[in-house]
There are 2 protein chains.
Amino acid sequence: MIVLLLFLRLKYSEMQNLLKNLKVVVHDKLYLKDPETSDLGKRIVGESITLIDDMGFECFTFKKLGDRIGSNESSIYRYFENKHKLLLYLTSWYWGWMEYRLVFATNNISDSKEKLKKAIDILSEEVKEDSTYSHIDEKALNAIVINEYSKSYLTKEVDKENKEGFFAIYKRLVGRVKDMILEAQPDYGFAASLASTTVEGVLHQHFLMQHFSSLTSCSKTVAPKDFFTDLLFSSLNLETHA
Amino acid sequence: MIVLLLFLRLKYSEMQNLLKNLKVVVHDKLYLKDPETSDLGKRIVGESITLIDDMGFECFTFKKLGDRIGSNESSIYRYFENKHKLLLYLTSWYWGWMEYRLVFATNNISDSKEKLKKAIDILSEEVKEDSTYSHIDEKALNAIVINEYSKSYLTKEVDKENKEGFFAIYKRLVGRVKDMILEAQPDYGFAASLASTTVEGVLHQHFLMQHFSSLTSCSKTVAPKDFFTDLLFSSLNLETHA
DNA sequence: CAAAAATAATAGTAATACTATCATATTTGC
DNA sequence: GCAAATATGATAGTATTACTATTATTTTTG
């Protein structure tokens with residue numbers, strides 16, 4: 001689906017309408033039953049996002065989610081094996097959504113520097129509205145990714161789950177950033193590390209802004225985007241202006 | 001203690017002997033009873049490091065630790081309130097140890113670029129030996145910091161715990177890196193973000209080397225140090241060679 | 001409208017994360 | 001050397017978590 005978009009030239013404003021008719025595809029072993037196929041499934045996904053955002057992933061349980069959506073714990077277990085898989089599902093969805101927006105926003109830019117700059121914009125901008133999908137609050141999901149994403153891979157099962165492909169979307173996204181870096185500067189020797197540092201670092205800087213302001217230069221006037229644009233263009237030895 | 005060292009000129013080889021007579025000081029509300037003051041306490045700290053490294057923080061319990069050290073769960077609870085506090089204790093200790101090594105290795109360097117380069121070395125080098133302290137396996141502790149550190153602050157209690165000073169050592173360390181960045185390039189506008197990105201990013205690159213090799217440029221021949229040295233010197237607009 | 005599928009309700013289990021109490025060692029201060 | 005204090009160990013108990021299993025009740029659909 002996303003590949004198709006490379007041949008399209010659509011205005012940014014049309015993206016939201018388009019996305020409404022597309023489904024972000026996540027690995028089908030992350031769920032027992034596709035939550036997109038039923039009303040209950042959508043409520044599970046939708047309310048789990050706001051609940052995890054409210055209480056944090058550690059405190060979140062399927063029992064509490066059941067109470068919240070007026071359903072039963074056992075029904076939730078028919079959609080997701082456990083809350084770890086649910087987190088993988090939600091964050092995969094997020095990265096799929098991010099990848100879509102990244103590809104969409106950059107596909108019609110021919111200048112490699114402009115393209116990279118746009119990519120940094122998309123990756124680091126604060127998500128402000130939960131607009132695109134009716135049942136998914138993208139702003140809350142963005143907060144979850146900032147606060148919980150690393151818990152999804154900092155586990156003893158990471159190699160097994162990686163082999164199963166549970167991190168495929170994230171890896172593909174980092175790979176796209178890496179490719180854009182190399183397009184802008186083919187000689188650069190650390191493209192993969194710079195890409196992963198950027199994707200991860202953006203989340204970290206947002207976290208620091210909220211909880212450790214002395215550890216970040218970002219504030220109301222300086223955005224993570226400014227820091228990372230400077231960082232990437234300096235290390236690639238490129239001028240910031242096109 | 002560390003301040004004193006600024007006025008000393010000791011060989012690197014003497015550091016280990018010196019450290020043996022110094023105690024890394026962590027926040028005293030992280031423990032109920034100082035584990036350094038008893039044999040049991042040292043076994044708790046020492047064995048918790050290898051046990052967490054072996055089984056991961058999620059699977060680790062005080063009951064299992066009690067079994068391992070031939071002691072009782074209830075005795076461990078007299079030293080640490082819970083395993084979260086123990087993790088904060090261990091990681092604080094690690095960052096205190098790192099800060100010590102950083103200050104020691106850089107204090108006698110007058111050239112600001114050389115100093116920064118040395119700081120990157122210390123921060124990003126793989127810890128190979130558990131040499132300095134008899135009861136602490138620094139190599140295993142380094143692995144714990146790579147795999148578990150972010151779990152210590154990605155919690156709902158982070159602001160309260162930050163106010164209590166539980167992250168003071170880490171913040172001071174990042175502050176030192178920030179100061180060195182500004183010493184080398186006073187005009188640079190994102191010193192705090194570059195410092196936090198480096199300290200955090202080094203851990204992340206080590207993790208990626210172990211589990212997501214496609215997301216990093218680091219390998220057996222390229223060290224995280226090489227990437228971060230290039231990254232910092234480029235963004236500070238400095239030449240790598242002194 | 002009957003059969004199938006989805007959901008809800010209930011019960012039960014093993015493990016976790018503790019707290020409380022009491023018993024027994026070990027240390028120490030006189 | 002002994003009593004008092006302190007440290008450690010053993011046992012028991014609780015609420016919660018993270019499930020699994022079974023059965024009952026709705027809802028959907030051919």
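Student: Which atom of DNA strand C is 3.3 Å from an N or O atom in the side chain of Ser74(A)?
Tutor: This is a predicted model, in which local features need pLDDT of at least 70, side-chain atom pairs count only at pLDDT 80 or more, and totals for chains, interfaces and linings use all residues; side-chain values use heavy atoms, with hydrogens and water left out. Residues are numbered from 1 along each chain as its sequence is written, while chains are lettered from A and ligands numbered from 1 in the order in which they are written. A polar contact is a pair of N or O atoms within 3.5 Å; within protein, one must be able to donate a hydrogen and the other to accept it, and residues adjacent in sequence count only if both atoms are side-chain atoms. At 3.3 Å from the side chain of Ser74(A), the atom of DNA strand C is a base nitrogen.

Student: Which elements give two or more residues to the surface near DNA strand C?
Tutor: Helices (H or I, at least four residues) and strands (E, at least two) are DSSP runs, numbered from the N terminus. A residue is near a strand or molecule if one of its heavy atoms lies within 4 Å of it. The elements asked for are α5 (73-77) of chain A and α5 (73-77) of chain B.

Student: Which element gives the most to the surface near DNA strand C, and how do the residues of that surface divide by class?
Tutor: The element that gives the most is α5(B), with three residues. Ala, Val, Leu, Ile, Met, Phe, Trp, Tyr, Cys and Pro count as nonpolar, Asp, Glu, Lys and Arg as charged, and the others, Gly among them, as polar. The residues near DNA strand C divide into three nonpolar, eight polar and six charged.

Student: Which atom of DNA strand D lies 2.7 Å from a polar side-chain atom of Arg78(B)?
Tutor: Of the 18 residues around DNA strand D, those that come nearest are Glu73(A), Asn82(A), Ser71(B), Arg78(B) and Tyr79(B). A polar side-chain atom of Tyr79(B) lies 2.7 Å from a phosphate oxygen, and an N or O atom in the side chain of Lys33(B) is 3.3 Å from a phosphate oxygen. For Arg78(B), the atom is a base oxygen.

Student: Which element supplies the largest share of the surface near DNA strand D?
Tutor: By class, this surface has three nonpolar, nine polar and six charged residues. α5 of chain A and α5 of chain B each supply at least two residues. The largest share, three residues, comes from α5(A).

Student: Is Thr91(A) buried or exposed?
Tutor: Thr91(A) is found in helix α6 (residues 83-106) of chain A. Contact means heavy atoms within 4.5 Å, and Thr91(A) touches Val145(A), Tyr149(A) and Ser152(A), not counting residues up to four places away in sequence. Buried means under 20% relative accessible area, exposed over 50%, and partly exposed in between (1.4 Å probe, protein chains only). With a relative accessible area of 1%, Thr91(A) is buried.

Student: What kind of aromatic pair do Tyr188(A) and Phe190(A) form?
Tutor: Rings of Phe, Tyr and Trp (its six-membered ring) pair if their centres lie within 6.5 Å; planes under 30 degrees apart count as stacked, over 60 as edge-to-face and the rest as tilted. The structure holds 38 aromatic pairs over all chains. In this one the rings are 5.8 Å centre to centre with 70° between the planes, and the pair is edge-to-face.

Student: What is the phi of Asn237(A)?
Tutor: Most residues other than glycine have a negative phi. Asn237(A) lies in the segment after α12 (224-235) of chain A and counts as exposed at 70% relative accessibility. Although Asn237(A) is not a glycine, its phi is positive, about 60°.
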